[in-house]
Amino acid sequence: MSTVDSQQRVLSGMRPTGRLHLGHMHGVLNNWVKLQHEYECFFFVADWHALTTHYGDATIFENNVLDMVIDWLAVGVNPGSASLFVQSRVPEHAELHLLLSMLTPLGWLERVPSYKDQQEKLHEKELDTYGFLGYPLLQAADILIYRAGHVPVGADQVAHVELTRETARRFNHIYGREPGFEAAAEAAIAKMGKKSARLYNSLRTAFQEQGDHEALEKAQALLREQQNISLGDRERLFGFLEGGGKMILAEPQALLTPASKMPGLDGQKMSKSYDNTITLREPLEQIAKKISTMPTDPARVRLTDPGDPNKCPVWQLHEVYSDESTREWVNAGCRSAGIGCLECKKPLSDAIVAELEPIQLRAAQYEKDPDVVRSIIAEGCETARETARETLHDVRSAMGLTSW
Ligand code: TRP
Ligand code: SF4
């Protein structure tokens, strides 16, 4: 397929490591729901990725995989618009990961910022493993196998998409050339004269091996000022700079997910590790209880003490859930001690209940009939595998694995 088509394709994955909460919905999931109308989407449960840090615990997948897909469906991810699948059911990812590992310099993986970070953060776990080091390359294989043009990720994952781009570039550079192309390019380089040729070669190496875009631009400028080479040679050398010849793997773009403004119950970012979440399946009667125990502006000891919404995590939730007039009511009432904190919290728990109620109804339907979910996943896996097989076929033949 052409790279133009692949620009219309979106791929993203999520690890199945626990219940999804409001933070996931207001960040990642609502973004997926929007993207599914604009692009051809593939969304998958990254169960192998979860294994890179949670190996040894065979129970993590028990309910998490199916539950996670149920949550996706319940918030509006539509299997008619997006293919939903489970990574380990598409073993083509593993074969591409293996093949790419042959040409990936170790330094590229050791330099990924999350590598040292996570090793330090999760120090109770032995993470000096081959799988953990290689996990960003597995992610690269996840993306490249669909020739996805766009990858919605959070800021912490942008470095992985960058590694993916470097991997594609390196692969295309090594395997993408047409017969005779390299010799013609070398001959054209020689025509530029020694000094320019040397400069061209070193800028090209800097771009292809380190992804140095400034070097690329300098080399392009150098080509533009050449007087001694024909138009054809100039074109050839532009192509040679960026890998040249055939593009077998497409370089994806990171599509930065708008940061979720969802605060947790304590005012920090909502996250399972802070134990400050409201999950998408939170029993509705629990919600008012959880909101009622939220801390407020500590200055409001008594009802008659005025407060400042800017010092109160409850206010941050109003910023997500409440309309202009409710927010004005809070602001004035808080500062004049005209309303109490419980009163202030009431419209919030009502809004969250109203938001989650229809989602939970849909989730309950799927929970009652998990075979429907299984068949959605099976179908998604089939669609994914068809695309994955095509890419793998091209990769195998580029590497010479089909020529005997
Ligand atoms: N690594 C991602 C995470 O931890 C999940 C993931 C795996 C992913 N493969 C991907 C995301 C491919 C986007 C594209 O959140
Ligand atoms: Fe927070 Fe509302 Fe209480 Fe003010 S009135 S301190 S905004 S909970």
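Tyr135 counts as buried, at 8% relative accessibility; here buried means under 20% relative accessible area, exposed means over 50%, and partly exposed lies in between (1.4 Å probe, protein chains only). Tyr135 forms a stacked aromatic pair with Phe132, with 6.2 Å centre to centre and 25° between the planes. Arg15 lies over the face of Tyr135, at 5.0 Å from the ring centre.

This is a predicted model, in which local features need pLDDT of at least 70 and side-chain atom pairs count only at pLDDT 80 or more, while totals for chains, interfaces and linings use all residues. Residues are numbered from 1 along each chain as its sequence is written, chains are lettered from A and ligands numbered from 1 in the order in which they are written, and side-chain values use heavy atoms, with hydrogens and water left out.

**Aromatic rings**

- Nine aromatic pairs turn up in a search of the whole structure. Rings of Phe, Tyr and Trp (its six-membered ring) pair if their centres lie within 6.5 Å; planes under 30 degrees apart count as stacked, over 60 as edge-to-face and the rest as tilted.
- Phe44 and Phe85 are one stacked pair, at 5.3 Å centre to centre and 15° between the planes. Phe44 belongs to strand β2 (residues 40-45) and Phe85 to strand β3 (residues 82-86), so their pairing ties together parts that are 41 residues apart in sequence.
- Phe42, Phe44, Phe85 and Tyr146 are linked into a cluster by ring pairs.

**Charges over rings**

- The charged end of Lys125 sits over the ring of Tyr55, 4.4 Å from its centre.
- For this label, NZ of Lys or CZ of Arg must be within 6 Å of the ring centre and within 35 degrees of the ring normal.

**Salt bridges**

- The whole structure holds 18 salt bridges, each being a side-chain nitrogen of Lys or Arg within 4 Å of a carboxyl oxygen of Asp or Glu.
- Arg147 and Asp394 form a salt bridge whose closest N and O atoms are 2.8 Å apart. This pair links distant parts of the chain, with Arg147 in the loop between α9 (135-144) and β4 (150-153) and Asp394 in helix α19 (residues 370-398), 247 residues apart.
- Within that pair, Arg147 is buried at 7% relative accessibility, whereas Asp394 is partly exposed at 29%.
- Arg335 and Asp308 meet through their side chains in a salt bridge of 3.5 Å, N to O. Arg335 is in helix α17 (residues 324-335) and Asp308 is in the loop between α15 (284-292) and α16 (313-321), so the bridge ties together parts that are 27 residues apart in sequence.
- Arg335 is partly exposed, at 42% relative accessible area, while Asp308 is buried, at 19%.
- Asp350 and Lys346 also meet in a salt bridge, at 3.0 Å from N to O. About one helical turn separates Asp350 and Lys346, because they are four residues apart in helix α18 (residues 341-368).
- Asp350 is partly exposed at 41%, and Lys346 is partly exposed at 47%.
- Arg19, Asp67, Asp71, Arg281 and Glu367 are joined into one network by salt bridges that share partners.

**Helices**

- Helices (H or I, at least four residues) and strands (E, at least two) are DSSP runs, numbered from the N terminus.
- Helix α12 (residues 194-210) has 17 residues and reaches 24 Å from its first C-alpha to its last, close to the 24 Å expected at 1.5 Å a residue. The expected span is 1.5 Å times one less than the number of residues.
- The buried residues of α12 include Tyr200, Leu203, Arg204 and Phe207.
- Gly211 follows α12 and has a positive phi, near 65°.
- Thr387 lies in helix α19 and is buried, with a relative accessible area of 13%.
- Leaving aside neighbours within four places in sequence, Thr387 is in contact with Arg9, Phe42, Ile145 and Tyr146; contact means heavy atoms within 4.5 Å.

**Domains**

- The domain assignment gives domain 1 (3-176 + 370-398), domain 2 (181-241) and domain 3 (281-366); such bounds come from an automatic or database assignment.
- The centres of domain 1 and domain 3, taken over C-alpha atoms, are separated by 36 Å. Their contact takes 14 residues from domain 1 and ten residues from domain 3.
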